[in-house]
Amino acid sequence: YERNGDQYGRLPGDDADLEELSHKASQIDPTKANPLSRAFFWYLYPLLKLGRKRQLRDTDLPDLDKHSKIKPSIAAFKEHWNSPELKNMEIKSRYKLALWRTTRLYFIIGTCMGTVSSFLLILQP
């Protein structure tokens, strides 16, 4: 493009860009993804594959597990928060312990992911 004598490249969102992006996406082979990508996105492949065939609907999404739904999580947290053994603890410690008891596996995974992310940021050139 040219405007007031200045030359510009294609603008993002041009039809040519979308065609190029669509062509590149059609050539992606998920079986050739690196192991880290496979480990983090393996559960999305069926959904992505379906999305390439047709537009996704909300019924295509999997149901949330009980730990991802807010009501059971709040109920479990309140149960731990109000337990007699935590009543006399300092509020910060009480909060951490109640959160730990509510989300054990997810707490561990989140902590590990945060640690790995921080470590990778340090290693960046």
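Biologist: How many salt bridges does a search of the whole structure find?

Modeller: The search finds 2 salt bridges, a salt bridge being a side-chain nitrogen of Lys or Arg within 4 Å of a carboxyl oxygen of Asp or Glu. Before going on: this is a predicted model, where local features need pLDDT of at least 70 and side-chain atom pairs count only at pLDDT 80 or more, while totals for chains, interfaces and linings use all residues. Residues are numbered from 1 along each chain as its sequence is written, and side-chain values use heavy atoms, with hydrogens and water left out.

Biologist: Fine. Which side chain does D60 meet in a salt bridge?

Modeller: D60 meets R54, at 2.9 Å from N to O. D60 is buried, with a relative accessible area of 19%, and R54 is partly exposed at 29%. Buried means under 20% relative accessible area, exposed over 50%, and partly exposed in between, with a 1.4 Å probe and protein chains only.

Biologist: And which side chain does E85 pair with?

Modeller: R101, in a salt bridge of 2.5 Å, N to O. That pair links distant parts of the chain, 16 residues apart: E85 sits in the loop between α4 (70-81) and α5, and R101 in helix α5. Helices here are DSSP runs (H or I, at least four residues), numbered from the N terminus. E85 is exposed, with a relative accessible area of 56%, whereas R101 is partly exposed at 23%.

Biologist: What about R94, buried or exposed?

Modeller: R94 is buried, yet has no salt bridge. The nearest side chain of opposite charge is E85, 11 Å away; for charge, Lys and Arg count as positive and Asp and Glu as negative, with His and the chain ends not counted.

Biologist: So what does R94 touch?

Modeller: Leaving out residues up to four places away in sequence, R94 touches W81, N82, L86, K87 and M89. Contact means heavy atoms within 4.5 Å. R94 itself is found in helix α5, residues 91-123.

Biologist: Which residues of α5 are buried, and what do they pack against?

Modeller: The buried ones are R94, A98 and T102, and they pack against α4.

Biologist: How far apart are the end C-alpha atoms of α5?

Modeller: Only 36 Å, for 33 residues, short of the 48 Å a straight helix would reach. The expected span is 1.5 Å times one less than the number of residues.

Biologist: Where does α5 bend?

Modeller: At T103, by about 105°. The bend is the angle between axes fitted to the seven residues ending there and the seven starting there.

Biologist: Now the rings. How many aromatic pairs are there?

Modeller: The count comes to 2. Rings of Phe, Tyr and Trp (its six-membered ring) pair if their centres lie within 6.5 Å; planes under 30 degrees apart count as stacked, over 60 as edge-to-face and the rest as tilted. F77 and W81 are stacked, 5.9 Å centre to centre with 20° between the planes.

Biologist: Which ring makes the edge-to-face pair with F77?

Modeller: Y95: the centres are 5.9 Å apart and the planes at 65°, so the pair is edge-to-face. F77 lies in α4 and Y95 in α5, so the pair ties together parts 18 residues apart in sequence.

Technical notes
Helix = DSSP H or I, 4+ residues; strand = E, 2+ residues; numbered from the N terminus.
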